[in-house]
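Here is a short tour of one structure for you to follow on screen. Keep the sequence and the 3D view side by side as you read.

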Amino acid sequence: MLFSPLCSGSSGNASYLEAGGVRLLVDAGVTAKRLLELMDMIDISPAGLDAILVTHEHSDHVSGIGVLSRKYDVPVYAAAECWEHMPASIGEIAQKNIRVFEPDRDFYLQQLCVHPFTTPHDAAHAVGYTFVHDGKKLSIMTDIGHVSSRMLDAVANSDLILLEANHDVDMLKPGSYPYPLKMRILSSNGHLCNEDAGLVLQKLHGRGVKNAILGHLSEENNTPELALVTVQSVLEEAGLLSSMFVTVADRFRPCGLFEL
Ligand SMILES: [Zn+2]
Ligand SMILES: [Zn+2]
């Protein structure tokens with residue numbers, strides 16, 4: 001299994017995954033032109049992409065899916081409610097490439113088992129994903145206002161997780177965002193703060209997760225250094241820092257190609 005967060009943050013999200021005979025993107029929230037550049041950085045060609053899987057319809061996750069699907073004839077998978085609320089700006093997608101999955105039910109792409117699980121976020125029907133093949137498990141869990149025990153169970157025993165660490169509460173609260181936007185981000189259907197990301201990893205450590213990439217960082221209300229230090233200090237307090245690998249995804253470029 002090969003995984004790379006191509007870009008991650010409020011300015012656009014896309015990840016590349018290769019496993020079980022399929023090559024896919026989770027989200028494509030930057031221009032198709034930029035996606036091609038990002039894929040080229042890890043020596044991946046867009047030709048032969050088997051699928052684009054969408055977490056939810058916010059533009060930082062879907063802005064490039066239309067062009068990419070049309071240009072390379074790629075099927076796009078999303079929940080029915082997500083399709084209903086898809087922004088018109090993505091343009092037409094060929095009927096045969098509109099694929100609908102049922103959240104919280106596994107499906108297979110070739111030999112890759114895909115589990116889209118419902119997440120708390122202010123979108124039509126947001127999901128996170130787990131991918132399992134050949135005894136390896138990868139999870140993506142961003143755009144989450146909070147983390148329930150059901151979600152912890154879903155991502156348990158992942159070999160690697162891309163987990164949201166969106167903002168630092170003390171940067172967000174006095175910052176320049178309008179009050180309603182601050183409330184939206186802080187709500188239980190908004191985004192996960194650094195401190196909570198640390199607490200989630202603390203719980204996941206006991207559920208067999210030892211490797212994490214922090215992602216979807218806010219440009220204005222976080223920094224990679226602060227996200228990492230905050231999460232690491234939570235883990236250190238729990239005595240777990242030495243047995244947990246944590247890194248931070250880059251906003252604008254792949255932070256690495258991880259082989260599981
Ligand atoms: Zn969102
Ligand atoms: Zn987002």
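## Helix α1 and the sheet

In this predicted model, the buried residues of α1 pack against β1 (2–7), β2 (14–19), β3 and α3. Which residues of helix α1 (residues 32–41) are buried? They are L35, L38 and M39. Looking down the axis of α1, you will find these buried residues within an arc of 95°, so they line one face of the helix. An α-helix has 3.6 residues a turn, so residues three or four places apart point the same way. On the face of α1 turned away from the buried side sit the exposed residues K33 and D40. Just after α1 comes D43, with a positive phi of about 60°.

Now for the sheet. It is open and built from 7 strands, in the order β6-β5-β4-β3-β2-β1-β14, with mixed pairing. The edges belong to β6 (98–101) and β14 (258–259); each has a single partner strand, so one side of each is left without a neighbour in the sheet.

Within the sheet, strands β4 and β5 run parallel and are joined by 2 bridges. One residue to look up here is L53, whose bridge partner in β5 is Y77. Helix α3 packs on the sheet, where it touches β3, β4 and β5. The direction of α3 makes about 165° with that of β4.

For finding your way, here are some of these elements:

| Element | Residues |
|---|---|
| Helix α1 | 32–41 |
| Helix α3 | 65–72 |
| Strand β3 | 22–28 |
| Strand β4 | 51–53 |
| Strand β5 | 76–79 |

Notes: Residues are numbered from 1 along each chain as its sequence is written. Chains are lettered from A and ligands numbered from 1 in the order in which they are written. This is a predicted model: local features need pLDDT of at least 70, side-chain atom pairs count only at pLDDT 80 or more; totals for chains, interfaces and linings use all residues. Two strands pair if DSSP finds at least two bridges between them. Helices (H or I, at least four residues) and strands (E, at least two) are DSSP runs, numbered from the N terminus. Two residues are in contact if their C-beta atoms, placed from the backbone, lie within 7 Å. Axes are lines fitted to C-alpha atoms, for helices over the stretch in contact, and angles run from 0 to 180 degrees between N-to-C directions. A residue is buried if 20 or more other C-beta atoms lie within 10 Å of its own, exposed if 12 or fewer, and partly exposed in between; C-beta atoms are placed from the backbone. The arc is that of the directions from the helix axis to the C-beta atoms.
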